[in-house]
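Dear colleague,

Please find below the sequence and structure that I am handing over to you. A description of what was found follows directly after them.

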Amino acid sequence: MRIFKIPIITILAVCFTLNAQQTPAKKQMKTIAISGATAHLGNGSLIKNSLVVFDNGTIRYVGKMDASKLNSEIEIIDAKGKHVYPGFIIPNSTLGLIEIDAVRASDDDEEIGTWNPHIRSIIAYNTESKVVETMRPNGVLMAQISPRGGRISGTSSVVQLDAWNWEDAVVKIDDGIHMNWPNTFSRGRWWMGEEPGLNINKKYADELQELNVYFNNAKVHNFKASPGLNLPFEAMKGVFLGHQTLFIHVDDEKGIIDAINFTKQHKIEKVVLVGAYEAYKQTELIKENDVSVLLRRVHSRPNKSDEDYDLPFKLAKKLVDAGVTVALEASGDMERMNSRNLPFYAGTTVAYGLDKEQALQLITLNAAKILGIDAQYGSLETGKSATLFISQGDALDMRTNQLVHAFIDGRNISLESHQTKLWKRYTEKYEGQ
Amino acid sequence: MKKIKFLLFGLFCSFVAHTQDYFPKNDGVKTKASNYTAISNAKIFITPNSVIENGTLLIKDGIVVKSGADIEIPENTEVIDIKGNSIYPSFIDLYSTFGVDKPKRESSGNSPQYGPSREGFYWNDHIRPEQNALTAFKFDKKTAKSMLEQGFGVVNTHIEDGIVRGNGALIALDINGSDAKRILSGRSAQYISFSKSVKSQQSYPTSIMGAMALLRQLYQDADWYKKENRTTIDRSIDAFNNNSDLVQIMAAGSRVNALRADAVGDQFGVQYIILGGGDEYERISTIKNTNAAFIIPVNFPKPYDVENSFLANKLELESMKEWNQRPTNPKILNDNDVPFALTTHGLKSVSEFKNHVKNAIEHGWSARKALEALTTVPAQLLNNNKIGNLKNGSYANFTITSGEFFDSDTSIFEHWIRGSRTIFKEFNQKDLNGSYTFNLDKQKYKLDISGKRGNHKTKLKSDSLNLSCSIKQNQDWVHLLFTTKDTVNQQFMRFSAKLDSNTPDLSGTVNFFDGTIKKLTLIKSSSKNITKAKKDKKEAEAKTVLAVSYPNGAYGSLQLPEPETILFQNATVWTNESEGILQNTDVLVKDGKIVEIGRNLKSRKARIIDATGKHLTSGIVDEHSHIAAASINEAGQNSSAEVSIEDVVDADDVNIYRNLSGGVTTIQILHGSANPIGGRSALIKLKWGESAQNLLYKNAPKFIKFALGENVKQSNWGSYSRFPQTRMGVEQMYIDYFSRAKAYDLKKKSGQAFRVDTEMEVLAEILNKERFISCHSYVQSEINMLMKVAEKFDFNINTFTHILEGYKVADKMKTHGVGASTFSDWWAYKYEVNDAIPYNAAILNAVGVVTAINSDDAEMSRRLNQEAAKAVKYGGASEEDAWKMVTLNPAKLLHIDDKVGSIKIGKDADLVLWNEHPLSVYAKAEQTIIEGTVYFDIERDQQLRKSIQKERNILIQMMLKEKNKGMKTQAVKVETKQDMHCDTLDHDQI
């Protein structure tokens, strides 16, 4: 149960001195080989009895176990019976932007105003967040940190989750702009005498028009040498040049069609739909336009009573089967603490139709592709970053998701957290009794 | 402003005395009217079931003197021949706010108000039995006219504000007379509801269950006040006791609230007359079982505009079905012998009333029953034999119509109230519609008149040329304006005729453009009525009405599933008993119980389910749920022990079905965490399709929710005025309440007279170990505190729920003997959960505390098997132990482990068949069974999906057809049910 929803200004001074986060790991000094594990590459394939060798943060070999690749200089981790995975990636996240929902002083995810492309999440990203460190023991090693609110929320960046400061954490800075598509329905404000429930949004066309005007003006400003400073418009430039991705948060079918047409009209190259609950109804259009999808939290309920009870569980399967590039996101209620359940969201899609390696792609290589970091991250491939972990068992199933080692860019990171410390402290207390 | 379509004869009825005899008169001589009026040549409905053909109604001074086919008429009688038209008694509306403005909402202050704003009245401002409709009454001529036009002559009006609203007044809608005659009774009924007064900001009650509790307490207090010597005055209770002899009208407003209201009434021997919601047909047997009479609205929904398929997709089957089925409600109520009257309540405009009733009749309701529901039934409910009929001695309140009241082409000519006459349309007036021919200047003209009076349409032709023409009817004159045939030099002609009912033709004068005046007769050649033919066709169409399902929305069943004898063969059986997990084992289910467990079991009657490769477990028990409830928090006071979730169980919540799909069979619906002492729980089985009453456990162990920490301190919302604001205050509040409860209980047990106080009764149950506490808790200090308070009063806390810092005081909890029901891995949503760790369950379990994992969330509850598996991941609980955390352990905490929670012979057959290891993320429930009845079956689910689609398609087609016919539609809207958590307040303001 969460907090009461009526927000107030809290003057509570929050003291976070109890336990600082784990010390970030040092640079990889020695070549490391993981031998004998089942390697899940993240690209859909799997190697049993594998060997993964990496040095200086980069993977040098991934393949069948091959003793000739080993020598006495190499630190060998015997991982027989265990599983090795690329680090999981959580896109569209507010990790590090809010520490405690109910403590307003710790909330930094949403700026006021409607048009905020210039608002950059990265500078508020708190590497010392106690929530962030709880991601790693479950295999979640990277995140896209995205601002919320407004029509255009701001600019996101991609980080790795073991860093001294935000500059240290950056994997890809200012990777995309996040935009909330107008809703076709709006909630009636009963206290203002409106019909309660969801009513047709009569302002939809106006809101769409505003978007068009905004994008047109942003283009004119950036490419027709408009005089004067305009921070928001200038922040949009990368989207028009195809350097940055436009992440459009939209769920309903009509909104999806309108959004895709909008991006065509404005010649926006890189487009990703976020949430995209009804994307399964428009897979052809999505594919034709080379749009990808960050699919809303798997562990959610259907939007309507009439819908299949398992619709949110099987949406990924529908999109994958249709050939759409899809990754999982987790925004919504309690999104930060629940982001460590990302592997289990993927696991649930297996119960509802995908195979395990396909499901793994949704939180590894597909996510990396969508965030534009797949040259370096997202799969176990030679030449890519050694951002990976070893689990005792199947990492998509909570019973067997037990990490023994995790590496980010080859750095052997801590799997401890404030929570494991408390666990150990009190376990010791009772063992002593 | 609408056009007034009727004529008003102000002082036409000279025999109506407007002033009382004893009033002095200074503007003339005193007159006395003593003539009779006879309305003859009439079909008189004395009652809907007693009809006189070709009779005469004799009235005097606004009272029916006599009626009959052949009655003697005194000499001083004015006779009105109505030429075969019909006379109906005026209708009665029992639920009206006629002439009484709805009070204005008081502007709200910055901080919630907990105390009353009045002195010398009841402690709660929403109890207003001292209100009297007449003090706020002002006769509203405009509304009265529109009511009269729909057939209503008498309304029972009241101040529609507050939970107890005081007494209503019975008003005759005489627009010509004075209040002296209009007010038939100033104390006609007492009105009650579950909605708060807008005149006060007093917080309590914030929920429907709080309103029910408040009403119950009022009955107790009123009784005590009556019996005891008292030193203070309570004007509310005085009025309430005074009003107890009146008819009690309860504005429930919906099927579910009707049952709630009836339960309250029954407890105190009061049978309410209940204002329904029009949805009674959905579970008609529960409505019938109330034995109450109802007041039923006819505000049937308009079809939705589903032309835009994107929007139509948002519409729920449930809403579409409402449109389709609601017009059958009156018929179904009648078929089930539920007595009821109709009301105009809920209509956007009174003028829609007749059409809605007609719609119900087209859906199979009998027109005679409709008349009864408007006349004799409401009269009887008010115990008033002078209204609703035209028997000798009754009020002369009646309408004169051209035929059957609810027929499409029936006109209402006149409405008489207490002998005072309002004319809408002269009954002897000729029907203008038809075709006419005439000659002017040697030219032949043909004129067609169609449409309704006041809104006639014309078509004028000469040869084949269309000429412009307009018509205006002014009382018994008709005026035409038309152009000549000459297209070059168009001239205007005017024709005026006085209507003469003795001839079909129109004779009058025509004014030529040059000033010439000539006589002209338009000869009627035919009187066919085009619009009428159309309507007849429409009525002939059969109405397609979808069958009611249980529940009456998505995933409901037409027939409720029945218990079966089932033999599961060759399953992996998680017994939760000392036998552990049994491989290749059979389980036999019979009469709702588990009867045999073993290998190679046989049963001839049983349905065999091959469970090879599958896992059979007992059903999941969720200790902490907020689904299936209409309200969760009564936040209006710091203690709300008097409320009970059992009062507000919502059996139609689709989350029940979704929980079944996740293997959940039993849940405790807990009150929320808005106050240190919350409300009582409901313990239910998820028997999807059954009524709320049938979901409840029989003889359930009693529970109450307590809460600690930020929520009860109201830390995260804008209230600073309610005690307690600190954890320190919370302790003292408990000590205060339990001390008072102890004293109350002692007094009660001593045999002394005492004021029954439900809150104290409930707290005394805790002290007497008859009721168990499940307490919302987070940090160790307060957990420890509550155990100490309980120990001081010599009882134990049963369960700490949430208990996220339980791991810090696990040893103390074990010593106290309290169980834990926690989240698997939630934290960081507020300050007090900063030290919450996912290892909590495993630590508590290892220390020996009975530990459960709960949901508190409608989404998580359908994956509790996954949440249990996290106890394996975090802290290394064994798989069997982890599984018990969502089955046997919560059953123990709820004191129902003798019935559910494990697979054991003799226990309830609450079982789940999984396709996989139940703790695996890959597991799906294939069948969920409660007491031997299959409530979820993954294959049947596929069929239900198809039938939802089919029904949607049928209804969308029907609505498109309505739109195509030109029917008015309403925009698509989506009713959103609120997701309930501990901290959820009622969605709708009550």
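In chain A, strand 1 (residues 32–35) and strand 4 (residues 50–55) pair in the antiparallel sense, and four bridges join them. Within this pair, A:Ile32 stands opposite A:Phe54 of strand 4. Please keep in mind throughout that the model is a predicted one.

These two strands belong to an open sheet of four strands in chain A, whose order is 5-4-1-6 and whose pairing is mixed. The edges are taken by strand 5 (58–64) and strand 6 (75–78) of chain A; each has a single partner strand, so one side of each is left without a neighbour in the sheet. From one strand to the next, the twist averages 15°.

A:Thr155 is found in strand 10 (residues 152–160) of chain A.

Next comes the contact between the two chains. How many residues does each chain bring to the contact? Chain A gives 52 residues and chain B gives 63 residues. On the side of chain A that touches chain B, the elements giving two or more residues are strand 13 (198–200), helix 6 (253–265), helix 9 (335–338), helix 10 (342–351) and helix 13 (418–431). Of these, helix 13 of chain A gives the most, with six residues. Sorted by class, this side of chain A has 26 nonpolar, 13 polar and 13 charged residues.

Strand 13 of chain A deserves a separate word. Strand 13 of chain A pairs with strand 43 (residues 973–974) of chain B in the antiparallel sense, over two bridges. The bridge partner of A:Leu198 is B:Val974, and that of A:Asn199 is B:Lys973. The pair is part of an open sheet of three strands with antiparallel pairing, in the order 12(A)-13(A)-43(B). Strand 12 (185–187) of chain A and strand 43 of chain B stand at the edges of this sheet; each has a single partner strand, so one side of each is left without a neighbour there.

I now turn to chain B as a whole. Its secondary structure comes to 24 helices and 43 strands. The C-alpha trace of chain B spans about 110 × 70 × 55 Å along its principal axes. Of its 990 residues, 52% count as buried. Among contacts in chain B between residues at least 6 apart in sequence, 68% join residues at least 24 apart. The domain assignment divides chain B into domain 1 (434–526), domain 2 (560–619 + 901–931) and domain 3 (620–896). Between domain 1 and domain 3 of chain B, the C-alpha centres lie 82 Å apart.

Two hairpins follow one another in chain B. Strand 1 (residues 36–47) and strand 2 (residues 50–60) of chain B pair in the antiparallel sense over seven bridges, with B:Ile39 opposite B:Leu57. These two strands form a hairpin with two residues between them. Strand 2 of chain B also pairs with strand 3 (residues 63–68) of chain B, in the antiparallel sense and over five bridges. Here B:Ile59 stands opposite B:Val64. Strands 2 and 3 of chain B likewise form a hairpin with two residues between them, and B:Asp61 in the turn has a positive phi of about 55°.

Finally, how do two helices of chain B pack? Helix 3 (residues 208–227) and helix 4 (residues 235–242) of chain B meet at an angle of about 90°, with their axes 10 Å apart; they are therefore roughly perpendicular to each other. In this contact, B:Leu218, B:Asp221, B:Ala222, B:Tyr225 and B:Lys226 of helix 3 meet B:Ile237, B:Phe240 and B:Asn241 of helix 4. The residues involved divide into five nonpolar, one polar and two charged.

Yours sincerely

How values were computed:
Residues numbered from 1 in each chain as written. Chains lettered and ligands numbered in written order. Predicted model: local features only at pLDDT ≥ 70, side-chain atom pairs only at ≥ 80, totals over all residues. Domains from an automatic or database assignment. Contact = placed C-beta atoms within 7 Å. Nonpolar A, V, L, I, M, F, W, Y, C, P; charged D, E, K, R; others polar. Pairing = 2+ DSSP bridges. Axes fitted to C-alpha atoms, helices over the stretch in contact; angles between N-to-C directions. Parallel < 35°, antiparallel > 145°, perpendicular 65-115°, else oblique. Buried ≥ 20, exposed ≤ 12 C-beta atoms within 10 Å, placed from the backbone.
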